[in-house]
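Dear colleague,

Please read the notes alongside the model.

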Amino acid sequence: MRISARQAAKKFIESHYPNCEVAYLAGSVVRGEETESSDLDIIIIDSSVGESYRESLTEYDWPIEVFVHNMFTYKNYFKQNIDRARPSLPQMCAEGIILCDKGQASRIKNEALQLLKAGPTPWKTVEIEQARYHLTDLLNDLEGSTNALEDLFIVSKLADRTHEFVLRVNGHWIGEGKWILRALKEFNETFAEQFAFVFDDYYSSRSKTGVIQFVDEVIAPYGGRLFEGYSSHPTNRAAE
């Protein structure tokens, strides 16, 4: 049997980053969601590192994803995560188990927790209009499509854009992949269930009606579909 996640992470850190200031173990193994395919997400903060990088490898029979930063690059990544509303690094630092600490681990963890609590940069009117415009374009494509195979990809894009719209207009973090539904549940359990039902029903029945109606209802409180009069020209946004 392989050694535990925590033991493997500690050995890995001691072997590869013995002089780091901070190290966390994060991911499914610390959330109680471990599966046979789970890997170890290890965050390293080491002042001797010139630039940030990510590396994937296998040691101690564990697949390992290591995210390496120095005291400046982790802050840059925090900002980038906030701007794109996907807080991957703050989330890992906030949830992570401290495995190495030379005095900064708790401070960085608290910094990450505060960022998560504050939420992403709020969408402005121009960003809401842009999102409505793109959703309108996808809805029109789906309504007019006669190719069932193309519909699969339109609906997939609609699911992603709709989840992003709902969460951003409500000041919540967005997800990616499996994190889409998790992010929606953190926002609103009932809405997440409705979202999952609508898109699952489409992939089961291939009926477009439910998806179109659902997305229209989501954007209705913000002005509904947007095509006529929309412009991304900066001179038209001077007042935004």
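A residue is called buried when its relative accessible area is under 20%, exposed when that area is over 50%, and partly exposed in between, using a 1.4 Å probe and protein chains only. Helices (H or I, at least four residues) and strands (E, at least two) are DSSP runs, numbered from the N terminus.

This is a predicted model, in which local features need pLDDT of at least 70 and side-chain atom pairs count only at pLDDT 80 or more, while totals for chains, interfaces and linings use all residues. Residues are numbered from 1 along each chain as its sequence is written, and side-chain values use heavy atoms, with hydrogens and water left out.

The chain contains 10 helices and 5 strands, and its C-alpha atoms fill a box of roughly 60 × 50 × 30 Å along the principal axes. Of the 240 residues, 43% are buried. Helix H4 (residues 88-95) is mostly covered, with 6 of its 8 residues buried, namely Leu-89, Pro-90, Met-92, Cys-93, Ala-94 and Glu-95.

The 5 strands make an open sheet with mixed pairing, in the order E3-E4-E2-E1-E5, where two strands pair if DSSP finds at least two bridges between them. Strand E3 (53-59) and strand E5 (97-101) stand at the edges with a single partner strand each, so one side of each has no neighbour in the sheet. From one strand to the next the twist averages 20°. E3 pairs with strand E4 (residues 62-69) in the antiparallel sense over 7 bridges, and Tyr-53 has Val-68 in E4 as its bridge partner.

Turning to the helix pair, the axes of H7 (residues 148-169) and H10 (residues 209-219) come within 11 Å and cross at roughly 20°; axes are lines fitted to C-alpha atoms, for helices over the stretch in contact, and angles run from 0 to 180 degrees between N-to-C directions. H7 is therefore roughly parallel to H10, a description used for angles under 35 degrees. In contact terms (heavy atoms within 4.5 Å), Val-155, Leu-158, Thr-162, Phe-165 and Val-166 of H7 meet Val-211, Phe-214, Val-215, Val-218 and Ile-219 of H10. By class, this contact has 9 nonpolar, 1 polar and no charged residues, where Ala, Val, Leu, Ile, Met, Phe, Trp, Tyr, Cys and Pro count as nonpolar, Asp, Glu, Lys and Arg as charged, and the others, Gly among them, as polar.

With best wishes

Conventions: Parallel < 35°, antiparallel > 145°, perpendicular 65-115°, else oblique.
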